[in-house]
Amino acid sequence: MTTPPSNSPSSARAGVSRSSDVPLLVRALRCQKVERVPVWLMRQAGRYMEEYREVRRKTDFLRLCKSPALCAEVMATAVDRLGVDAAIIFSDLLPILEPLGFELTYAPGDGPIIGNPLREPSDLTRVRELTDLAPMEYQFDVVRQTRRVIPKEKAVIGFAGAPFTLAGYAIEGRSSRTFERTRALMRSEPSLWHDFLGLIARSVARVVNAQMAAGADALQLFDSWAGVLTPEEYRTYVLPHLRSLLERLTPGIPVIYFWTGNPALLPLIAPLKVACVGVDHRVRLDDAINILPPTTALQGNMAPVVLLSDIPTIRAEVKKILDTAAGRPGYIFNLGHGVLKQTPVENAIELVRFVQNYRR
Ligand code: CP3
């Protein structure tokens, strides 16, 4: 199936929005009717790709994040190889913790380590709110340089961690599957908790507003670990700070709120004022379609592990998802979470091609 040219009168008659100035992904985020489903992959530039491993042999990860030209090149290479419709800036969730006063390193094979995690009320005295954005200037440079090398019709997505997920790393000091210290601290030191999350929300809002000013087309807020929370924890300790962050954003910024892990949170997330909500592989896509308002776009849903199987299996899974989302304005294809590092690149390329050519 071929895509008609962008000025095709038949598509105009069908009411398909296709302003060539606005990237496909952004039009889908606005729930406009689009010519086809846009697709990109979380962690699309990463260790599953030989080109990325080659760059990493020469540069350590944090240095790479602070080298804008190299970041732009790494993402442009991935976008070009995969043919996806969007580039998320190449950076990481955690470097913003440095100017807040945390010591960040990435240990090979061990993931991120915070040398001085926040554990008790007196620790808050050494945490600084980010008001001067100079220490994050390299990230805004990544946005500018990425925008310059990515074709106009593809979106550039800026991103940051949502307050809970960032606080979780700052408190645990490393990756965790349960965030027990963090969840204990919410209860034992509620005023410390709310002060800290408020400070993070204000700092993140300034950073992502600056990413947009530097040329990003949309923003993704990663609340990757929200799913470890009970609905009550999420409502009491997380939602107020997420709302305050959203209220501080420059009006009109299309925001994708990404979270994973606990489908019971979806009814609490549905009323958020965001353009799009991420739907991970533990949520049934048709449930999400029913629960989210028709004006909120959806992104995601395919289990990353599917990319480890064979092409016919991958196609069948993609088809199921696209058929479920068919007719729902505002659906963006993505995985439920990031590309696994053992993923064969050819499978990711084939996935993207299949989504882009699929017609029911
Ligand atoms: O293609 C892309 O998505 C690139 C940009 C990107 C990275 N990290 C690069 C990265 C983005 C959007 C992130 C977000 C991020 N970082 C999240 C949220 C998304 C998610 O997966 O839930 C989180 C939780 C982090 C924190 C982080 N960074 C961890 C826990 C780790 C170690 C785990 C791992 O996979 O190694 C990282 C490192 C990291 N961030 C890598 C990359 C490509 C691997 C670093 C390497 O080269 O060794």
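## A helix, a ligand and their surroundings

In helix H14, the buried residues are Val-345, Asn-347, Ala-348, Ile-349, Glu-350, Leu-351, Val-352, Phe-354, Val-355 and Gln-356. Here, buried means under 20% relative accessible area, exposed means over 50%, and partly exposed lies in between, with a 1.4 Å probe and protein chains only. The model is predicted, so local features need pLDDT of at least 70 and side-chain atom pairs count only at pLDDT 80 or more, while totals for chains, interfaces and linings use all residues. Residues are numbered from 1 along each chain as its sequence is written, and side-chain values use heavy atoms, leaving out hydrogens and water.

Because 10 of its 13 residues are buried, H14 is largely enclosed by the rest of the structure. Helices (H or I, at least four residues) and strands (E, at least two) are DSSP runs, numbered from the N terminus. The table sets out both helices, with the expected span taken as 1.5 Å times one less than the number of residues.

| Helix | Residues | Length | First to last C-alpha | Expected span |
|---|---|---|---|---|
| H9 | 190–213 | 24 residues | 34 Å | 34 Å |
| H14 | 345–357 | 13 residues | 19 Å | 18 Å |

In each helix the span is close to the expected value, as the rows for H9 and H14 show. After H9 comes Gly-215, which has a positive phi near 120°.

### Around the ligand

Now to the ligand. A residue counts as near it if one of the residue's heavy atoms lies within 4 Å. There are 22 residues around the ligand, and the closest are Tyr-52, Arg-56, Asp-92, Ser-224 and His-337. Sorted by class, this shell holds 12 nonpolar, six polar and four charged residues. Ala, Val, Leu, Ile, Met, Phe, Trp, Tyr, Cys and Pro count as nonpolar, Asp, Glu, Lys and Arg as charged, and the others, Gly among them, as polar. Helix H3 (50–58) and strand E3 (111–114) each contribute at least two residues to the shell.

Which atoms meet the ligand's oxygen atoms? In the side chain of Ser-224, an N or O atom is 2.6 Å from an oxygen atom of the ligand. The backbone takes part too: an N or O atom of the Arg-43 backbone lies 2.9 Å from a ligand oxygen, and one of the Gln-44 backbone lies 3.0 Å from a ligand oxygen. A polar contact is a pair of N or O atoms within 3.5 Å; within protein, one must be able to donate a hydrogen and the other to accept it, and residues adjacent in sequence count only if both atoms are side-chain atoms. On its own the ligand exposes 860 Å², and the protein buries 88% of that.

Thr-165 sits in helix H7 (residues 163–172) and counts as buried because its relative accessibility is 0%.

### Two residues with positive phi

Most residues other than glycine have a negative phi. Arg-43, though not a glycine, has a positive phi near 60°. Arg-43 belongs to the loop between helix H2 (24–29) and H3, and counts as exposed because its relative accessibility is 55%. Asn-301 also has a positive phi, near 105°. Its place is the loop between strand E8 (297–300) and helix H13 (311–325). Is Asn-301 buried or exposed? With 11% relative accessibility, Asn-301 counts as buried.

### Aromatic pairs

Rings of Phe, Tyr and Trp (its six-membered ring) pair if their centres lie within 6.5 Å; planes under 30 degrees apart count as stacked, over 60 as edge-to-face and the rest as tilted. By this rule there are 12 aromatic pairs. Tyr-331 and Phe-333 have ring centres 6.4 Å apart and planes at 90°, so this pair is edge-to-face. Both of these residues, Tyr-331 and Phe-333, are buried. A tilted pair is formed by Phe-354 and Tyr-358, at 5.7 Å centre to centre and 40° between the planes. Phe-354 and Tyr-358 are buried too. Finally, one aromatic cluster is made up of Phe-164, Tyr-169, Phe-179, Trp-193 and Trp-225.

Definitions and conventions: Accessible areas come from the Shrake-Rupley method with a 1.4 Å probe; for residues, only the protein chains shown count as cover.
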